[in-house]
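My entries follow the structure below.

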Amino acid sequence: MLQTRISSPSPAQVQGTDSASLEQTVSSAIGLVTRQYPVMIITVLVCLGLAGTYLLGATKRYTGTAVLMIDSRKMQGLQTQTAVGGDNPIDSAMVDSQVEVLKSETIAAAVIRDLRLLDSPAFMQEDAGLLSGLSQLLSSFFPEEKPSDDGLMRAAVGRIQSGLTIKRVGFSYVIEIAYQSTSPELAARIANAVAENYITDSLESKYQASRRAAVWLQDRLKELRAQASAAERTVVDYKAKNNIVDAGGRLLTEQQLAEINSALTEARAKRAEAQAKLERITSILNADDNDSRVILNDLGAVNDSMANPVITKLRQTYLDYAGRAADWSNRYGPTHLAVVNLRNQMREIRHSIIDELRRTAEGYKSDLAIAKAREESSQKSLNETIAVSNDTSQAQIVLKDLESNAQSARALSENFLQLYMVSVQQQSFPITEARVITQASQLSTPKTSPKTALVLLAGIVGGCILSGLMAIFLEMLDRVFRTVHQVERLLQTNCLASIPVIGSEPEAGMGLPLKLIKRWSPLSRSRAEAWSRSSEAAGKSLRADVGRTHSRSSPDRLLTIDNSVGRFAINSPFSRFAEALRSIKLAADLSNFGTPHKVLGITSALPNEGKSTVSEALAQTTAQSGLRTLLIDGDLRNPSLTDRLARSADAGLIEAVFGKADLKDVIWVDPQTNLHFLPCVAASRFSNSSDLLASPQMEKLFQHLREQYDRIILDLSPMAPVIDVRATGGLVDSYILIVEWANAKVDVVERVLRENPLVREHMLGAVLNKVNLAAMNRYDSYSGGYYRNRYYKRYGYVD
């Protein structure tokens, strides 16, 4: 018992599948090119011819190129600042805007007027292409009125704009101006004229802007000057009305307030000093007259602060006497007369100092009174000045607003005056940021149209693309069977063999096997001789067996078909034709798990696909192998096998079915392979052929034949024209479908199999017949050159 293990594919298998798919795709593409290369070559050549025709007939056009630069640097000596309507900072958007200005109708019209292009035949009669020619042709049949000057100008502007190309070079400030024309001189002139007229237009626009700005600024300046004068007069009147006087940049009240405040501070300081001195002297005077510390300490402090020379002298004398009295007292005693005199003198001096202090205290009292009076006067003046200052401050708030308005009006007037001066300067000498850095010349004007290399390349590329599309389109229209893979994929069955096409006459190397031995190597010759001996022995055994079975057969019923196409497999056993038939026989032998199907029905979808020839060749191959083989012509409507193999037969299958003739009397025999053939003799066509095939008598006959033969090959009618094949379900074990290579339509074969489910269910496989092996290699991308002769030479194939 056969067991199958199903497992998920490994990554390596998946990768192998992808690789195989890629290889198949590449192979399919190569096969497509190989099959359709004549059409593809013709298509490419036609496209190249069209490209060459275009190059020969196209008008040559030249391009003049001028280069313009937008220079951001200013002429500082002539223009110091920007005026109203003047230059703006150059940025990327501005450069892009200038590109559009260069494309404008204004520049184009200026160029036309500058170069007088309306009077230039070279410009007005430029060929604009096929549409222009058609337009002129139509105008010759339908004459129109002569266009007006405006119409001519609009047409000329349109022609200038259509031939003009303006582009910015990268992200720089450089603009490239290119004009295309049939004349190199005209192309250069127009390109240069566009640049020059753009600069002129820019200067004119700046001049007009400066002139308009100057007029506006002049009127505005008059208004601003009047407003500034009125504002200044208002300030002066308000100051006079509110007694606001400036002195050195400050108000008079502010200066007075500062001076009075300083005087008040000074008066307060003097009053405090006088009061302190008076209080000190008063404290000394209130002390004990006999207290010597007054003379020594306090009086010294008072003397230092007051700087009184009398007191200072008396104090110094008192100190000298005191020192002397102390010295004499220590030396002579305190009661000494000299000491007593000194003490009396000291007492007198002390009284003199006290008297002097009293006189000084009276002076301090007078100074204190004066200081207080001065302080009170300063305080009063300060209060009065503060009151006046408060009133002035309130008025000054309004004054500041008036001064601010006056200053603003004056500043605005001065600014407008400056702008007016700049505008007048620009009006007298306008400047522009644009300048021409490269002028177009006739010598540097290359031919730009048509581009020969580009047109030829486009023709080649377009031809390749169109040829590929044509090849794919033809492949899509080619709905016929050409490959084994196509048969298996579309019909969902095995392709048993691919039978190559051969002629009806014997080809080189055809004949008996021994005649071919001379052309092979010794090893091949030995194999062929062994095969020939075994075939002859098997044939002799079969002929003896058939002779015993049909000892009473008439010599007239012997098949003589040496030159038949079906006999080619016997005459050329080492041909691919014979190998294909042996492949079909082997498939029939191993079809039912080793138990062969005895009855094989050979049919096709349409007539003339070679089913009768394949039936004959397969029967010859099966009979030569030693099996008892019977070939039956079952095409009751058109018995072509009978007409080719037993044209003189007067009885056959129909007579045997109805019992009008004995079976042994209607069977023909091939003397070489001992193939038995049961012909079909129909005196006239009859419509109930399917009833005959499905009759019990026919089934009974086939039961008898199954007992007599090992293999029965039944040549049936095609399935599309008649329904006889549907009636053979009880007779045939399996069917073989013959498909003609490169002729059988896919749709027809598929529809026929859908209408005959019995054949599909019992179909052993399909056979691709009349195959052109050389052409098949180009169509079958999966074979990898499987059908090439070099793979078969080592095994003795001769075709």
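Which residue forms a salt bridge with Arg-628? I found Asp-710, with the closest N and O atoms 3.1 Å apart. A salt bridge here is a side-chain nitrogen of Lys or Arg within 4 Å of a carboxyl oxygen of Asp or Glu.

I noted that this is a predicted model, where local features need pLDDT of at least 70 and side-chain atom pairs count only at pLDDT 80 or more, while totals for chains, interfaces and linings use all residues. Residues are numbered from 1 along each chain as its sequence is written, and side-chain values use heavy atoms, with hydrogens and water left out.

I then checked accessibility (buried is under 20% relative accessible area, exposed over 50%, partly exposed in between; 1.4 Å probe, protein chains only). Arg-628 is partly exposed at 32%, and Asp-710 is partly exposed at 26%.

Next I looked up Arg-271, which forms a salt bridge with Glu-375, the closest N and O atoms being 2.4 Å apart. Arg-271 lies in helix H8 and Glu-375 in helix H11, so the pair ties together parts 104 residues apart in sequence. Helices (H or I, at least four residues) and strands (E, at least two) are DSSP runs, numbered from the N terminus. I also noted that Arg-268, Arg-271 and Glu-375 are linked in a network of salt bridges.

Last, I turned to strand E9 (residues 599-604). Six of its six residues are buried, so E9 is largely enclosed by the rest of the structure. E9 runs parallel to strand E13, joined by four bridges; pairing requires at least two bridges found by DSSP. In E13, Asp-715 stands opposite Ile-602.
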